[in-house]
Amino acid sequence: MNNFRFYLSTAAVVLLAVASYAPINKFLAGTQPQRKVERDEVADLVVTNGTIYTGDTAFTLVDSMAISDGRVLRVGSFSDLKDLIGAGTRTLNLDRKLVLPGFIDSHVHLISGGLQIGRIELGGIRQKDEFVNKVKGAVANMQPGSWLLGGGWNDNLWRGELPTASWIDDITPDNPVWLTRVDGHMGLANSLALKFAGIYKHTPNPDGGFIVREKTEEPTGLLIDSAMKLVLSSIPEVSLEQRREALLRASDYALKRGVTTVVDMGRYFPASSTEYSWEDLSDVYRWADSSGSMKIRVCLFFPIETWKRLSELKAKTGHKLSQWIYLGGVKAFADGSLGSNSALFFEAYADEPSNYGLQVTPMDFLYNMTSSSEKAGLQVAIHAIGDKANDLILNMYKSIALVNGKRDRRFRIEHAQHLAPGTAAKFGEQEIIASVQPDHMMDDADSAIRKLGVDRANQGSYLFQSILSSNGELVFGSDWPVVDINPLKSIKSARRRVPPGWEAPWSPSQSISLNDAFRGYTISAARACFLDGDIGSLSPGKLADFVVVSVDSLENFDEDSARVEATYVGGLEAYSRSDD
C-alpha cells in the first residue's frame with residue numbers, strides 16, 4: 001500500500017509539471033490515439049511490476065502495460081490488465097525497474113556512425129604523441145596507396161596547436177590520410193592526400209570554406225567546411241556492402257543505448273554530395289526494410305537542394321514508407337562550427353579577432369529553398385551554431401511564415417548553441433523547434449570560453465532553460481558520430497552541466513529538470529519530426545517501443561548509475577544487457 005501511495009503521489013507531481021508546460025500541454029491534447037479494445041482481444045505481452053513512465057497526460061506513472069500486435073493496448077495497474085491475459089500471453093516481470101518510452105535521437109548521421117565504428121578513432125586523445133602513435137599503428141598493416149580514414153580528434157583536449165600534415169607525413173609516406181575533427185567541420189589531410197586532391201600553395205579557397213595555410217601560404221593540411229570537398233572527392237566511394245553493414249552495426253549500437261528511433265540527417269555535410277542521402281534510401285534503407293533487417297525506426301532528412309525530389313516522393317508514398325522508415329524533411333547549413341572557428345557570430349572570435357565565422361550558404365539561396373520546401377509541405381531543419389546564424393534563420397523563418405500563411409510547419413534549428421540576448425524567447429514566440437545536443441556542451445565549454453571570452457560564453461551558450469521558459473520546444477540528440485549516441489549521458493549533461501575537469505556547473509541557471517530531459521528524448525522529439533501519433537509516449541494505440549532502465553523509481557533516478565537493461569521495439573526484445 002505504501003508503494004502504491006508513492007506511485008500516486010509521484011504521478012500527481014509529474015502530471016502537474018506536464019500540465020504547466022505549455023508546449024507539451026498544447027500538443028498532447030487530442031493527439032493521443034486511443035485504441036478500442038475488442039471484448040475477446042488478448043495481449044501478446046504484459047509488462048508488470050514496474051515503474052512505467054508513459055510520457056502522456058493520462059497515465060504518467062503506472063506499474064503495468066499490455067501490448068498487442070506491436071502496439072500498446074492498455075496501461076494501468078496489473079488488476080486493470082488481467083482481462084487481457086490469455087493462454088498465449090507472455091509476461092515480463094520488471095522487478096520494479098523503470099520503463100521509459102524508447103529514446104528518440106533527434107539528430108544523427110546513422111550510416112556515418114556505423115562506418116566510423118570500423119575506422120581509426122581519435123576521440124579522447126589528449127597529446128600530440130598519442131595522436132601520432134594512433135595513426136602509426138593504424139597504417140602499419142595497410143597496403144600502400146589505400147586511404148587511412150577516421151576522425152574524432154579534438155584539439156581542445158590537448159589545449160595546443162592544431163594538427164598539421166607534418167605531424168604524420170613521415171609515418172604515412174605511401175598512404176593518403178583523411179582525419180575529420182570531432183565536429184565534422186574540419187579535417188586533416190597528409191601531404192599525399194593534398195597531392196591527390198590537387199591542393200597546392202595557390203589553390204584558392206572555395207566559397208564557404210577555408211584552406212588553412214602557413215605564413216608561406218603553403219597548405220597545413222587542415223581544411224574547413226566546403227574546402228573539405230577538395231579531398232573528399234578524391235576518396236574512393238564507400239561500397240554498397242560497407243554501407244549496409246554500417247547500418248546494421250549502427251542500429252545494434254543505438255539499441256544498446258536505448259534508442260529505438262533516430263532522425264537521420266544522412267551523410268550530408270557542407271562538402272559532401274547531395275546524392276548520398278538518396279543513395280542510402282534506395283540502396284541501404286529500402287534493402288534493409290524489404291529483407292527484414294531493419295532494427296530501429298528512422299526518420300530521414302534530405303539535402304534542401306533536393307526538396308522537389310522529396311516532395312514528389314512524398315506525394316506518391318506519404319510520410320510513412322513502412323513501420324520502420326519515415327520521410328522527414330530537408331536540411332541545410334547556415335554556418336560552420338565553434339571548434340573550427342567557422343560558426344557565424346555578431347562579434348569576432350576572441351582568439352582570432354579578424355574572424356567572425358562563415359556563412360556557409362548564401363541567404364538568398366537559403367530563403368528561396370526554404371520557402372519552396374515549405375510551400376510543398378516539407379519540414380525544414382537548418383544547422384545554426386553561432387548567434388548571428390541563429391538570428392538570420394529565425395528572422396528568415398518568421399518572414400516565410402508571414403508570406404506563406406499560418407500552418408503547422410514545425411520549423412527546426414539544429415544545434416542552436418550560441419544565442420544573442422533575447423533570441424531564446426523567439427523559439428517559443430515563433431514555435432520553432434530547438435534541436436540541441438547536450439553532450440556538445442561538455443566538449444565545448446573550455447573552447448567556448450577561450451574563443452568567445454568568459455561573458456559571451458557564459459551568457460549566450462546552450463540556453464536550454466531559457467528556451468523552455470519561453471514555451472519553446474527543446475528536443476535532444478547526439479549528432480553521432482560527432483559525439484557518442486548515449487541518451488542517459490546526455491540527460492546527465494543537460495541536468496548537471498558540469499564539463500569534464502570542472503567542479504561547478506557551466507551556467508547552472510540553464511539546467512533543466514528530469515521531466516524536461518525525458519521529454520526532450522521522447523514525446524517532444526516525436527512531435528519535432530511529426531511522429532507523435534506513433535511514438536514518443538506509451539499511450540494506447542502507439543507503437544510499443546520502450547527501454548528498461550536499472551533504477552526502481554524516478555525519485556531514485558541517478559544518471560551515474562543508471563544503465564539500459566533492455567530495449568524493446570514493437571513489443572519485442574531487441575537488446576538485453578544480459579546478452580552482452
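# Cavities, a pocket and strand pairing in a predicted model

The largest cavity has a volume of about 230 Å³. This is a predicted model, in which local features need pLDDT of at least 70 and side-chain atom pairs count only at pLDDT 80 or more, while totals for chains, interfaces and linings use all residues. Residues are numbered from 1 along each chain as its sequence is written, and side-chain values use heavy atoms, with hydrogens and water left out.

- Cavities and pockets are found on a 1 Å grid over the protein atoms alone: a cavity is a set of points where a 1.4 Å probe fits but cannot get out, and a pocket is an open set with protein on both sides within 12 Å along at least five of seven lines.
- Lining residues have an atom within 4 Å of a point.
- Grid points are joined across faces, edges and corners, and a volume is the space filled by probe spheres set on the points.

**Cavities**

- The structure holds 4 cavities of 30 Å³ or more.
- The lining of the largest cavity consists of 25 residues, and Asp183, Ser337, His440, Asp479 and Val482 lie nearest its centre.
- Strand 17 (325–333) and helix 15 (438–452) are the elements that give two or more residues to this lining; helices (H or I, at least four residues) and strands (E, at least two) are DSSP runs, numbered from the N terminus.
- Helix 15 has the largest share of the lining of the largest cavity, with 3 residues.
- By residue class, the lining of the largest cavity has 7 nonpolar, 12 polar and 6 charged residues; Ala, Val, Leu, Ile, Met, Phe, Trp, Tyr, Cys and Pro count as nonpolar, Asp, Glu, Lys and Arg as charged, and the others, Gly among them, as polar.
- The second largest cavity holds about 60 Å³ of space.
- Its lining is made up of Asp264, Gly266, Ser277, Asp280, Leu281, Tyr285, Leu300, Phe301 and Phe302.
- At least two residues of the lining of the second largest cavity come from each of helix 10 (276–290) and strand 16 (297–303), and helix 10 gives the largest share, 4 residues.
- The classes in the lining of the second largest cavity are 5 nonpolar, 2 polar and 2 charged.

**Second largest pocket**

- The second largest pocket has about 570 Å³ of volume.
- Of the 25 residues that line the second largest pocket, Arg409, Glu429, Gln430, Glu431 and Ile432 lie nearest its centre.
- Helix 2 (22–28), helix 13 (387–404) and helix 14 (424–430) each give at least two lining residues to the second largest pocket, and the largest share, 5 residues, is that of helix 13.
- Its lining divides into 8 nonpolar, 5 polar and 12 charged residues.

**Strand 14 and its partners**

- In strand 14 (residues 219–225), 7 of 7 residues are buried, where buried means under 20% relative accessible area, exposed over 50% and partly exposed in between (1.4 Å probe, protein chains only).
- Strand 12 (residues 186–189) runs antiparallel to strand 14, joined by 3 bridges; two strands pair if DSSP finds at least two bridges between them.
- Glycine 187 has leucine 223 in strand 14 as its bridge partner.
- Strand 13 (residues 209–213) is also antiparallel to strand 14, with 4 bridges, and arginine 213 stands opposite proline 219.
- The hairpin of strand 13 and strand 14 has 5 residues between the strands, and in this hairpin glutamate 217 takes a positive phi near 80°.

- Strand 18 (residues 379–384) and strand 19 (residues 412–415) are parallel over 4 bridges, and alanine 381 has arginine 412 in strand 19 as its bridge partner.

**Isoleucine 304**

- Leaving out residues up to four places away in sequence, isoleucine 304 touches Val330, Lys331, Ala332, Met369, Thr370, Ser373 and Val380.
- Isoleucine 304 and valine 380 lie 76 residues apart in sequence, with 7.9 Å from C-alpha to C-alpha.

Definitions and conventions: Contact means heavy atoms within 4.5 Å.
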